[in-house]
Amino acid sequence: MTWKTRQRSDFGRLKAVISGAGPQVLLLHGVGLRAEAWGAQIEELSKEFRVIAPDMAGHGDSPMLTGAPTLPDFVTAVADAMSTPAVVVGHSMGAMMALDLASRYPELVRGIGAFNAIFRRSDDAKAAVQARAASLDGVSLADPEPTLRRWFGRTLSAERSACAEWLRNADPAGYRAAYRVFAAEDGPSDAALRALNCPALFMTGSDEPNSTPEMSAAMAKPASNGWSVVLDGAAHMMPMTHPAAVNAALRDLIHRCEL
């Protein structure tokens, strides 16, 4: 598909792509990206649901948060804009946000999808992500090629090109603020996972080296209504690279929520 720029609407303090009508589905993207990363899901799900895909604070058309924001600060900006409970789906840092939202604002979450979510990184993975965070100066943007290789390898594609454009045009300060949070966090607490009562899908790709299948399985296990799915042949950007399978898993999640 074409990863076209989409019209934004106000969503509290944030800006969001809003499409469709019906029960609400909220889509939260990862660091350095923007609402268009959910383009395939917006097009499919908005046929039946009201889909809201906000730009994370400091990304796309959404303004920066003040000071040195924490994960709860990013999440509160979303929660403050929600007037109706939703099925909340997040990718990468967006998955961190979705899980935190479900923990602190359970009345706003009817179901949760955590895609390519990290959980208890290895020491080597922690050191690598924290080194990347420390290298960011908030003024200039690092070469996106190493990130693109982690996400896509060296194979060229429309999805890789779209992500390259978004990363090259990201706000350096907004990127640094979000990436520092992403690097500092290590996934939800065991208590938060045990407290999840809504349907909870933990999904990642079989070729994902950082948000591994083992992490998704470990998060799903303590959740009373949780399950994990591993998408064969997919890596970090599976909502873009494997939209049909991701959309099918999302529809299964939504239907379990009995909206």
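Predicted model: local features only at pLDDT ≥ 70, side-chain atom pairs only at ≥ 80, totals over all residues.
Trainee: How many aromatic pairs does the structure hold?
Mentor: Rings of Phe, Tyr and Trp (its six-membered ring) pair if their centres lie within 6.5 Å; planes under 30 degrees apart count as stacked, over 60 as edge-to-face and the rest as tilted. By that rule, the number of aromatic pairs is three.

Trainee: What is the angle between the planes of Tyr175 and Tyr179?
Mentor: Their ring centres are 5.8 Å apart, and the pair is stacked. The angle between the two planes is 10 degrees.

Trainee: Which helix holds both Tyr175 and Tyr179?
Mentor: Helices (H or I, at least four residues) and strands (E, at least two) are DSSP runs, numbered from the N terminus. Tyr175 and Tyr179 are four residues apart, about one turn of the helix, and their helix, residues 172-184, is H7.

Trainee: And what class of pair do Tyr179 and Phe182 make, stacked or tilted?
Mentor: Here the centres are 5.7 Å apart and the planes are 55 degrees from each other. That makes the pair tilted.

Trainee: Which residues form one aromatic cluster?
Mentor: Tyr179 and Phe182 also lie in helix H7, three residues apart. Tyr179 is buried at 7% relative accessibility. The cluster consists of Tyr175, Tyr179 and Phe182.

Trainee: How far from the centre of the Phe182 ring is the charged end of Arg121?
Mentor: A charge sits over a ring if NZ of Lys or CZ of Arg is within 6 Å of the ring centre and within 35 degrees of the ring normal. Arg256 does this over the face of Trp227, at 3.7 Å from the ring centre. For Arg121 over Phe182, the distance is 4.8 Å.

Trainee: How many salt bridges does the structure hold?
Mentor: Side chains of opposite charge can pair when their charged atoms come close. A salt bridge is a side-chain nitrogen of Lys or Arg within 4 Å of a carboxyl oxygen of Asp or Glu. The count for the structure is 15.

Trainee: How many residues apart in sequence are the parts that Arg8 and Glu36 tie together?
Mentor: Arg8 and Glu36 meet through their side chains, at 2.6 Å from N to O. Arg8 lies in the segment before strand E1 (9-11) and Glu36 in the loop between strand E3 (24-28) and helix H1 (39-45), so the sequence separation is 28 residues.

Trainee: And how many residues apart are the parts tied together by Asp55 and Arg8?
Mentor: The closest N and O atoms of this salt bridge are 2.8 Å apart. Asp55 lies in the loop between strand E4 (50-54) and helix H2 (71-79), and Arg8 in the segment before E1, so the separation is 47 residues.

Trainee: Which residues are linked in the network of salt bridges?
Mentor: Arg8 is buried at 12%, Glu36 at 2% and Asp55 at 0%. The linked residues are Arg8, Arg34, Glu36 and Asp55.

Trainee: What is the phi of Asn116 near?
Mentor: Most residues other than glycine have a negative phi. Asn116, in the loop between strand E6 (109-115) and helix H4 (123-134), is buried with a relative accessible area of 0%. Its phi is positive, near 50 degrees.

Trainee: Which residues does Ser211 touch, not counting those up to four places away in sequence?
Mentor: Ser211 is in the loop between strand E7 (200-205) and helix H9 (213-220) and is buried at 1%. Contact means heavy atoms within 4.5 Å. With residues up to four places away in sequence left out, Ser211 touches Asn116, Ala117, Ile118, Thr204 and His236.

Conventions:
Residues numbered from 1 in each chain as written. Heavy atoms only, no water. Buried < 20%, exposed > 50% of the residue type's maximum accessible area, 1.4 Å probe, protein only.
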